[in-house]
Amino acid sequence: MRITDIQRCEVRPGRLVEWTLSPATVAAATALPEDSRPPAYIQESHIRTAKCVREDGLFVPTWLGTAFDLPGPVDLEVLQGALRAWTVRHETLRSGFRWAGPAGNELRRFTLDAADVSLHQEEAGDFPDADELVRHLQDRFDTVADALRWPNLIYAAVVRDDGVSVYMAFDHSNVDAYSLSRIAAEVHELYTAGLAGTEPDSLAPAASYVDFCEIERADADAIDDRHAIVDRWRDFIRRCEGRLPSFPVDLGLEPGGPLPRQRMLCEPLADAAEAAAFEAYCRPYGGSLVGLLAATGLIVHEVGGHSMYRTVVPFHTRVKSRWNDSVGWYVGGAPIEIPVGPAAGFPDTLRAVRAELQANRSLARMPLARVLRLLGADFRPTSPDLYSIVSYVDARAVPGAERWAEQRAHSLLRVSYGDQVCVWVNRLHEGLWLASRYPDTDVAAKNLRVYVERLRDRIVSVAHDSLSAVS
């Protein structure tokens, strides 16, 4: 699924209908007792970061969303039923947090029973102008899908004679990119079953992210500051001069300056044949992720002059198959350090990346927020991103991926403020797709453009060499 923002996801005019959790649902939540299952460390870190940034006087929307089409004519009552059924299927979406404790600074969970969840529908009116519709949707998502409120999800449908475009936005605490990629297929199946008056064929009950949070947190709380994982992070952060790594090129930022606005960059990197050939070349070293990180390390050396590329690589934490169908934020990070001096070639760098990932990938299973707490490091969050990332996902095996182009399906990022560079590369059936958000400065725009062009050149060059060797 292509990652983009709402400005670039082909919004078309139509009649807008919106759904939020109903007043009765909100009232039921208000009366709920505490759920003993704690927040995940990543959830707590996200919410506390939002609170710190808000207290500094800046509203930084960080919602994620998805967009996809259903063919018409559309039965809105059946669609509402499908959206409700999908919502109650995933327990984290009917669970939230309150501030509690003696100082009012502790996060406590509450969770609704599925029977207490209903949606409230509102007609938002006709939007003949696509730009005005985009502005309205973004404003609504900013307001509702906010980390510091509950409910923090909202659904919308733009109705036209030929069908409907569905938009769904969530605070990041409840979803990750993989969760978003599964929504279109699940809602489509629920909607189709609703039209036929049957039960969906393939949707087995989904495991609860709330249960995962409890398990993961118990494991994380069992370690102390003498644990080997904590030692490895301590050494890594020390070599990063006491902080988590940024993207190692000039971004034109003033030290100590205000949090900058961001820009979005989205474009194809390679077609399907080139993506396959690049993967084939990199497979002996561990695959396309290794190739992407190796290429990035060499490019940032060329652009920034650093002899060591340090970064935190995101990995999913769905280590057991029971979590595969579950909506939640199943992401951890592993630190790597890659020598990229003047003498480093691509094969040597591939081998170095493979060795680092093999040695450190398991660190991603321990929440970084827990490690930082044990380190006693003063990482007062002032930005929604603790560090820069370069992420790779082969999304072709996600259920329904073969229909994404037909459904005009997208994963949506909110681009607002931030001083880090985040790069996502997805392998789709059509090839490799890159999305990035980065600080809105002329220097950052120039250097990100150089990075993307050289990354494309490296991928295409390796692919063509690989194809030539085969032919």
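## Basis

The model is predicted, so local features need pLDDT of at least 70 and side-chain atom pairs count only at pLDDT 80 or more, while totals for chains, interfaces and linings use all residues. Residues are numbered from 1 along each chain as its sequence is written, and side-chain values use heavy atoms, with hydrogens and water left out.

## Nonpolar cores

The largest nonpolar core contains 73 residues. Such a core is a set of buried Ala, Val, Leu, Ile, Met, Phe, Trp, Tyr and Cys residues joined through side-chain atoms within 4.5 Å; buried means under 20% relative accessible area, exposed over 50%, and partly exposed in between, with a 1.4 Å probe and protein chains only. The residues with the most contacts inside this core are L79, W86, Y155, M168 and F170. Helix α3 (residues 76–89) supplies the largest share, seven residues. Helices (H or I, at least four residues) and strands (E, at least two) are DSSP runs, numbered from the N terminus.

Leaving aside residues up to four places away in sequence, L79 touches W19, L70, V74, A157, V166, V187 and Y191, where contact means heavy atoms within 4.5 Å. Another core, of 47 residues, lies apart from the largest one and includes Y309, A334, V390 and V423.

Helix α6 (residues 209–221) has 13 residues, which at 1.5 Å a residue should span 18 Å; its end C-alpha atoms are 18 Å apart, which agrees. The expected span is 1.5 Å times one less than the number of residues. Its buried residues are Y209, V210, F212, C213, E216, R217 and A220. Seen down the axis, they fall within an arc of 150°, so they line one face of α6; the arc is that of the directions from the helix axis to the C-beta atoms. Their cover includes α2 (41–55), β4 (95–100), β5 (106–111) and α11 (368–375).

In α7 (residues 228–239), the buried residues are I229, V230, W233, F236 and I237. These cover an arc of only 125° around the axis, which puts them on the same side of α7. Elements covering them include β10 (308–316), β11 (331–339) and α11. Just after α7, E241 takes a positive phi of about 65°.

## A buried aspartate

D171 lies in the loop between β8 (163–170) and α5 (177–196). D171 is buried yet has no salt bridge, a salt bridge being a side-chain nitrogen of Lys or Arg within 4 Å of a carboxyl oxygen of Asp or Glu. The nearest side chain of opposite charge, R54, is 8.1 Å away; Lys and Arg count as positive and Asp and Glu as negative, with His and the chain ends not counted.

R54 lies in helix α2 and is partly exposed, with a relative accessible area of 28%.

## Salt bridges

The structure holds 42 salt bridges. In one of them, the side chains of R15 and E123 meet at 2.7 Å, N to O. This pair joins strand β2 (residues 14–21) to strand β6 (residues 119–127), with R15 and E123 108 residues apart.

R414 forms a salt bridge with D142, the closest N and O atoms being 2.8 Å apart. R414 sits in the loop between β13 (410–413) and β14 (422–428), and D142 in helix α4 (residues 130–144), 272 residues apart. Both R414 and D142 are buried.
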